[in-house]
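This report looks at a helix and its surroundings, and then at a pocket.

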Amino acid sequence: MTKEISLDLRLASDSVAIGKLALCEVRLQDDARFPWLVLVPQREAVSELFELSAADRALAIEEIAQCSAALRAVTKCLKINAGALGNIVRQLHIHIVARNEGDAAWPGPVWGVGARLPYGKTEKAEFIARIRSALAMQR
């Protein structure tokens with residue numbers, strides 16, 4: 001495991017921790033309209049993928065693939081969108097979003113579409129448990 005780093009306040013308020021992989025903390029974006037994971041590499045003062053070391057970049061790509069596969073397995077979605085934008089939150093984080101035809105934003109991007117719909121307590125706990133299981137992850 002990596003050392004704990006400070007988390008941008010917006011990431012902290014919009015998402016909930018699921019667990020940690022070798023490089024990234026895995027978080028659930030708290031918007032039930034879209035099954036959406038956020039990976040936060042545990043490296044201080046990094047805002048771009050290219051700022052990671054070569055080894056960390058390779059690990060980040062593997063963790064993106066691992067989380068994408070887990071999200072697809074859990075949601076049976078049509079498409080996975082992955083991206084690192086960082087226009088508002090500078091701390092490096094990678095969005096992995098499960099998409100389906102007819103979802104609230106299809107076929108456009110999920111950003112800025114409608115109002116966020118937070119998960120219910122039980123729904124959130126069940127989804128997190130399923131993702132942890134798919135990733136073979138402990139708390």
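Contact here means heavy atoms within 4.5 Å, while helices (H or I, at least four residues) and strands (E, at least two) are DSSP runs numbered from the N terminus. The model is predicted, so that local features need pLDDT of at least 70 and side-chain atom pairs count only at pLDDT 80 or more, whereas totals for chains, interfaces and linings use all residues. Residues are numbered from 1 along each chain as its sequence is written, and side-chain values use heavy atoms, with hydrogens and water left out.

Within H3, Phe 127, Ile 128, Ile 131 and Arg 132 are buried, buried being under 20% relative accessible area, exposed over 50% and partly exposed in between (1.4 Å probe, protein chains only). Seen down the axis of H3, these buried residues fall within an arc of 135°, so they line one face of the helix; the arc is that of the directions from the helix axis to the C-beta atoms. On the other side of H3, Thr 122 and Ser 133 are exposed.

Elements that cover the buried residues of H3 include the following.

| Element | Residues |
|---|---|
| Strand E1 | 15–20 |
| Strand E2 | 24–29 |
| Strand E3 | 36–41 |
| Helix H2 | 54–75 |

After H3 comes Ala 136, whose phi is positive, near 50°.

Helix H1 (residues 9–14) gives the most to the lining of the largest pocket, with three residues.
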